[in-house]
Amino acid sequence: MDGFDMNASEKAEASELQRMIAIEQQKAQFQAQVHNFTDVCWDKCMDSPSSKLDSRTETCLVSCVERFIDTTLAITNRFTQMVQKGAH
C-alpha cells in the first residue's frame, strides 16, 4: 500500500475539509466584496467626513450599495445560466 491510498474515513475527512475550505473562501470573497462596496461608495458619495451623515450622503450610499448588489446578482445569475446551459 502506498502513501496515497485512503480509507473511507480518510476520504470523508478530506471531503469535509474541502467543504470547509470552500465555505471559508466564500466568506473571504464576501468580505472582499463588502470592502469593495465600501471603497467605491465612500469615494463616490463622501464629500467631507463629519460626525453625522446628511440625507444626501446617506441616500447616495444606500443607492450605491444597492446598485452594486443588483449588478453582482445579475452577473451571478447570468453565469449560473451559462453554466447550466453548458451542463446540458
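Mentor: Ala, Val, Leu, Ile, Met, Phe, Trp, Tyr, Cys and Pro count here as nonpolar, Asp, Glu, Lys and Arg as charged, and the others, Gly among them, as polar. The model is a predicted one, in which local features need pLDDT of at least 70 and side-chain atom pairs count only at pLDDT 80 or more, while totals for chains, interfaces and linings use all residues. Residues are numbered from 1 along each chain as its sequence is written, and side-chain values use heavy atoms, with hydrogens and water left out.

Trainee: By class, which residues does the lining of the largest pocket have?

Mentor: A pocket is an open set of points on a 1 Å grid over the protein atoms alone where a 1.4 Å probe fits, with protein on both sides within 12 Å along at least five of seven lines, and its lining residues have an atom within 4 Å of a point. The lining of the largest pocket is formed by Gln 26, Gln 29, Phe 30, Gln 33, Phe 37, Ile 69, Thr 72 and Leu 73. Sorted by class, this lining has 4 nonpolar, 4 polar and no charged residues.

Trainee: Which element gives the most to the lining of the largest pocket?

Mentor: Helices are DSSP runs of H or I with at least four residues, numbered from the N terminus. Two of them, α1 (8-45) and α2 (55-87), each supply at least two residues of the lining. With 5 residues, the element that gives the most to this lining is α1.

Trainee: How much space lies in the largest pocket?

Mentor: The volume is the space filled by probe spheres set on the grid points, which are joined across faces, edges and corners. For the largest pocket, that space comes to about 250 Å³.

Trainee: Is Cys 60 buried or exposed?

Mentor: Cys 60 is found in helix α2, and, leaving aside its neighbours within four places in sequence, Cys 60 is in contact (heavy atoms within 4.5 Å) with Lys 44 and Cys 45. Buried means under 20% relative accessible area, exposed over 50%, and partly exposed in between, with a 1.4 Å probe and protein chains only. Because the relative accessibility of Cys 60 is 19%, this residue counts as buried.

Trainee: Which residues does Cys 64 touch, not counting residues up to four places away in sequence?

Mentor: Cys 64 is a member of the largest nonpolar core, to which Cys 41 and Cys 45 also belong. Beyond four places in sequence, Cys 64 touches Cys 41, Lys 44 and Cys 45.

Trainee: Which residues does Thr 57 touch, not counting residues up to four places away in sequence?

Mentor: The place of Thr 57 is in helix α2, and at 6% relative accessibility Thr 57 counts as buried. With residues up to four places away set aside, Thr 57 touches Cys 45 and Met 46.

Trainee: How far apart are the closest N and O atoms of Asp 47 and Arg 56?

Mentor: A salt bridge is a side-chain nitrogen of Lys or Arg within 4 Å of a carboxyl oxygen of Asp or Glu, and by this rule the count comes to 4. Asp 47 is exposed, with a relative accessible area of 64%, whereas Arg 56 is partly exposed at 45%. Asp 47 and Arg 56 form a salt bridge in which the closest N and O atoms are separated by 2.3 Å.

Trainee: Where are Glu 16 and Arg 19, about one helical turn apart?

Mentor: The side chains of Glu 16 and Arg 19 meet in a salt bridge of 2.7 Å, N to O. Glu 16 is partly exposed at 34% relative accessible area, and Arg 19 likewise counts as partly exposed, at 44%. They are separated by about one helical turn because they lie 3 residues apart in helix α1.

Trainee: Which helix holds Arg 67 and Asp 70?

Mentor: Arg 67 forms a salt bridge with Asp 70, the closest N and O atoms being 2.7 Å apart. Arg 67 is partly exposed at 46%, and Asp 70 is partly exposed at 40%. Being 3 residues apart, about one turn, both lie in helix α2.

Technical notes:
Core = buried A, V, L, I, M, F, W, Y, C linked by side-chain atoms within 4.5 Å.
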